[in-house]
Every structure is written in C-alpha cells, then in structure tokens.
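Please keep the sequence and the structure in view while reading.

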Amino acid sequence: MFIGHFGAGLAGKKPAPQVSLGTLFLASQWLDLLWPLLLLFGIEHVVINPGDTIMTPLNFSDYPYSHSLIFVLAWSIIIGGIYFFIKRNVKNSLIVGLLVLSHWVLDLFVHRPDLPLLTSGPNVGFGLWNSPVIAIILESVIFILGVWFYISATSAKDKIGTYAFWALIVFLVIIYFGNIMGPPPPDVKSIAYLGLTQWLLVLWAYWVDRHRVAAGYRLKG
C-alpha cells in the first residue's frame, strides 16, 4: 500500500479543511515515515526476498514499533494529541489521529500475515499483494477518491496551487508504478534512505496547501 495512504490523507481535507495537506500526509504516512529510521538503527528489520509476494520483494520480518496494532494505536493518540496541543481543535485532532490508524487498516488488506496485533504477534494480513490486479484497483480507487475529495474541498489561489498540486499527484502515481515494476532494492540501507525521502512529499504537500483555500472562500482582490 502506497498511494492508498496518500489517498486517505487527501480525503482527510474534506472533513478537516483547516488542516494542511502536509499534516494529513504526515499522519496517514506516519508509520512509513518512522519505519526507515528504525531500519537504519537496527531496531526493526526487513529481508529482501524476491517472490515473497507477487507485488513486493520485501519480507517484513519484524516491525513491532512502527506497525503493530498496539503501537499504532499509541501513535494515533500521540500524533492526534500533539495536534490538539498545538491547535486546540478536538474534531481535527481526532481526524489526524484516525489517519494514523488508517495506515494500519489499509495495510491489513494488502500485506500477507505479517502485521502484528501485539509486539510479538499474532500476525494478520489479507494478502492482496498476491492478487496484484485487485490490489492495484483497490489502491487506485482510494487514491482517486482522495484526489476528488481534496479538489472538491479546496480551490487554487494561484498557479502554484494548481500546477504544484497536479505535479504531486502525477509524481505519486509514477513512484507507485515504478515501485511495482522496478527491480528489487540492492540492500536494506537503500530501502531506509529511500523511505526517508518521503518526508519531501510531506513538505511538498505543505507547500501546495499554502497555495490553496477551502472551497467557497473568496479571495480578496
């Protein structure tokens, strides 16, 4: 699951128009933003095993602190709580927290049974990565709906708000299909360093959102 998580972040703009898309992306992708750091420090582990599933060569051998349900619930409370501490908005804080949780729920559909409920299991996963057509359709639908919700909830203030947004959408699609069709990564460190570049997508989303306003808002001119 990749663009599906970003689709969830985009969709979050509809019920929470005051929340920046950057924050929505940070919440919906938090587990995969944290995971590369834990890989680099040897706290969590992954094995490159082409053929482990049809759609990914990665065997997620252990990732209890980023992807176990018990820790994801904790991260949801923490991230939502931090947002509330800064913004003092209960509704938006709940949405931010639920977006963190949405990552695990969406992963549940595509992962083989490797997502732990507790830190050491039992592990769950419906395994749609072994049914690539269904998995791609599922992610695509979530992403398209997310884009539709976002553009129905916002309008561009200027050309940056239009072109930078659509460039982001196209870039996400290219990355998604590049990951599916590309060769396996050479080593675990490469996975971690590449994963950390997702922070740039969060910054890109903050930039885009500064050039868009809630739908129906009239700019003074």
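**Aromatic pairs and a helix contact**

In this predicted model, phenylalanine 177 has a relative accessibility of 29% and therefore counts as partly exposed. Tyrosine 176, by contrast, is at 3% relative accessibility and so counts as buried. The ring centres of tyrosine 176 and phenylalanine 177 lie 5.0 Å apart, and their planes stand at 65 degrees; because an angle over 60 degrees counts as edge-to-face, the pair belongs to that class.

The aromatic pairs come to 14 by this rule. Another of them joins phenylalanine 6 and phenylalanine 25, whose ring centres are 4.8 Å apart with planes at 80 degrees, so this pair is edge-to-face. It links distant parts of the chain, since phenylalanine 6 belongs to helix α1 (residues 3-11) and phenylalanine 25 to helix α2 (residues 21-28), 19 residues apart. Phenylalanine 6 is buried at 1% relative accessibility, and phenylalanine 25 is buried with a relative accessible area of 0%. Elsewhere, Trp35, Phe60, Tyr63 and Trp129 make up one aromatic cluster.

Attention now turns to a pair of helices. Helix α8 (residues 159-181) packs with helix α10 (residues 198-210) at an angle of about 155 degrees, their axes being 9 Å apart. Because angles over 145 degrees count as roughly antiparallel, α8 and α10 are described in that way. Their crossing is left-handed. From α8, the contact draws on Ile160, Ala164, Phe165, Ala167, Leu168, Phe171 and Leu172, while α10 supplies Leu201, Trp204, Ala205, Trp207 and Val208. Of the residues in this contact, twelve are nonpolar, with no polar and no charged residues.

How values were computed
Residues are numbered from 1 along each chain as its sequence is written. This is a predicted model: local features need pLDDT of at least 70, side-chain atom pairs count only at pLDDT 80 or more; totals for chains, interfaces and linings use all residues. Side-chain values use heavy atoms; hydrogens and water are left out. Axes are lines fitted to C-alpha atoms, for helices over the stretch in contact, and angles run from 0 to 180 degrees between N-to-C directions. Helices (H or I, at least four residues) and strands (E, at least two) are DSSP runs, numbered from the N terminus. Angles under 35 degrees count as roughly parallel, over 145 as roughly antiparallel, 65 to 115 as roughly perpendicular and the rest as oblique. A crossing is left-handed if the near helix is turned anticlockwise from the far one by less than a right angle, and right-handed if clockwise. Contact means heavy atoms within 4.5 Å. Ala, Val, Leu, Ile, Met, Phe, Trp, Tyr, Cys and Pro count as nonpolar, Asp, Glu, Lys and Arg as charged, and the others, Gly among them, as polar. Rings of Phe, Tyr and Trp (its six-membered ring) pair if their centres lie within 6.5 Å; planes under 30 degrees apart count as stacked, over 60 as edge-to-face and the rest as tilted. Buried means under 20% relative accessible area, exposed over 50%, partly exposed in between (1.4 Å probe, protein chains only).
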